[in-house]
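Q: Can you walk me through this structure? I'd like to start with how the chains relate and then go on to the charged pairs.

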Protein chains: 2
Amino acid sequence: MKAKLIFVTGNRGKFLEAKKILEDFGIELEQVDLDVTEPQADNLEEVVKKCAEEAFKVIKRSFIIEDSGLFINALNGFPGVYSSYVYKTIGYEGILKLLFGIVDRSAYFMTSLAYVELGGELKIFSGRVDGVITTEARGKNNFGFDPIFKPLGSNLTFAEMSIEEKNKFSHRAKALRAFVSWLLSEKKI
Amino acid sequence: MKAKLIFVTGNRGKFLEAKKILEDFGIELEQVDLDVTEPQADNLEEVVKKCAEEAFKVIKRSFIIEDSGLFINALNGFPGVYSSYVYKTIGYEGILKLLFGIVDRSAYFMTSLAYVELGGELKIFSGRVDGVITTEARGKNNFGFDPIFKPLGSNLTFAEMSIEEKNKFSHRAKALRAFVSWLLSEKKI
């Protein structure tokens, strides 16, 4: 029998990435789009903990919830925890403009993933991928800032990769695999 | 006897602007710097309401608290409710870079001000000033994005003005005056 798990997210792309990873471990993922007020906080872990607490009031089964951000070193970590708002307003074109003429294009994506069990116990997993911001957008796959992020060890941007390829590198995939390792070590699956 | 009021803010510049306006009405303002978690929300009013609720748990006297943002039309309202984070990371230089080559430089500053009475009743006042983003920074006075914002009806940026001059135009001053008018109409001062 398959284990079932809820992923609280409004982002279909995130859901599909997570679904692919978890199905290899016999976990069937279900998307629940819940309107959770994200707090303004300086780090993803704090954001995701508060979101998890909000979601816990509504969801009556165990679930995962995550927050991710793109942190650009030359921009003091911008857009960071506000990546989704920044993407919606100035887009990746805005990021390219901000980095115009700047040599240091190093950046990383980071995910903080919370797993909340039926009783409310919460466990956090994180994943990070280092890379560079390209000088122009490349690719149409996936979502968000993927067309301008090239992970170290690849010549492709995340938007030039299939979900499976992106999952070899991505922050979210790393956090999910850390979560699965923990489930296995705890004999929960 | 002077009326006393607390302004919950970590921003000395905001405090000084408000102090100047309120003292004309015999209200003595006191700054309290409280670490309030700002929620991520789409509008200032929602942000300030939640901050007011947080602050109310701690402050045992009536107080005001506000949130302000710079909304740039060509950038879909960016940096908006996240102005303070955006200022800390990419600064006004970042905004100038984002607007490089863009003709429509219209923007507005907006303030949402909450007044919370001893019993917890909350009243919201707002103020808005329209203007343009200059093509270069001018002036050293005041704070935040003031060096690149020129209100309609003036040839100076907010950073080229004294506090008194800025208060003739500013969003914050307008919200404060709306607050004072209300106090007067309710015979609270």
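Q: What rotation superposes chain A on chain B?
A: A rotation of 180° with 0.0 Å of shift along its axis, giving an RMSD of 0.0 Å. That is the relation of a two-fold axis. Copies are superposed by least squares on the C-alpha atoms of residues with pLDDT of at least 70 in both.

Q: Which residue of chain A comes closest to the rotation axis?
A: A:Pro39, with its C-alpha at 1.9 Å. As for the surface between the copies, it serves both: 100% of the contact residues of chain A recur in chain B. Contact means heavy atoms within 4.5 Å.

Q: Where do the numbers come from?
A: This is a predicted model, in which local features need pLDDT of at least 70 and side-chain atom pairs count only at pLDDT 80 or more, while totals for chains, interfaces and linings use all residues. Residues are numbered from 1 along each chain as its sequence is written, chains are lettered from A and ligands numbered from 1 in the order in which they are written, and side-chain values use heavy atoms, with hydrogens and water left out.

Q: OK, helix H4 of chain B. Which of its residues are buried?
A: In H4 (residues 91-98) of chain B they are B:Gly91, B:Gly94, B:Ile95, B:Leu96 and B:Leu98. Buried means under 20% relative accessible area, exposed over 50%, and partly exposed in between (1.4 Å probe, protein chains only). Helices (H or I, at least four residues) and strands (E, at least two) are DSSP runs, numbered from the N terminus.

Q: And what do those buried residues pack against?
A: Helix H4 (91-98) of chain A, together with strand S3 (63-72), strand S4 (79-80), helix H3 (83-89) and S6 of chain B.

Q: Now salt bridges. How many over all chains?
A: The search of the whole structure finds 24. A salt bridge is a side-chain nitrogen of Lys or Arg within 4 Å of a carboxyl oxygen of Asp or Glu.

Q: What does B:Glu17 pair with?
A: B:Arg172, at 2.6 Å from N to O. The pair links distant parts of the chain, 155 residues apart: B:Glu17 is in helix H1 (residues 12-23) and B:Arg172 in helix H6 (residues 171-185) of chain B.

Q: Is B:Glu17 buried or exposed?
A: Buried, because its relative accessible area is 0%. B:Arg172 also counts as buried, at 3%.

Q: What about B:Lys188 and B:Glu117, what joins them?
A: A salt bridge, again given as 2.6 Å from N to O. B:Lys188 lies in the segment after H6 of chain B and B:Glu117 in the loop between strand S5 (106-116) and strand S6 (122-133), 71 residues apart. B:Lys188 is partly exposed at 38%, whereas B:Glu117 is buried at 18%.

Q: Which residues of chain A are linked in a salt-bridge network?
A: A:Lys14, A:Glu17, A:Glu66, A:Asp146, A:Lys166 and A:Arg172.

Q: How far apart are the closest N and O atoms of A:Lys57 and A:Glu54?
A: They are 3.7 Å apart, and the pair forms a salt bridge. A:Lys57 is exposed, with a relative accessible area of 60%, and A:Glu54 is partly exposed, at 33%.

Q: Last one: where is A:Gly26?
A: In the loop between helix H1 (12-23) and strand S2 (27-32) of chain A. A:Gly26 counts as partly exposed, at 26% relative accessibility. A:Gly26 and A:Lys4 are 22 residues apart in sequence and 8.6 Å apart in space, C-alpha to C-alpha.
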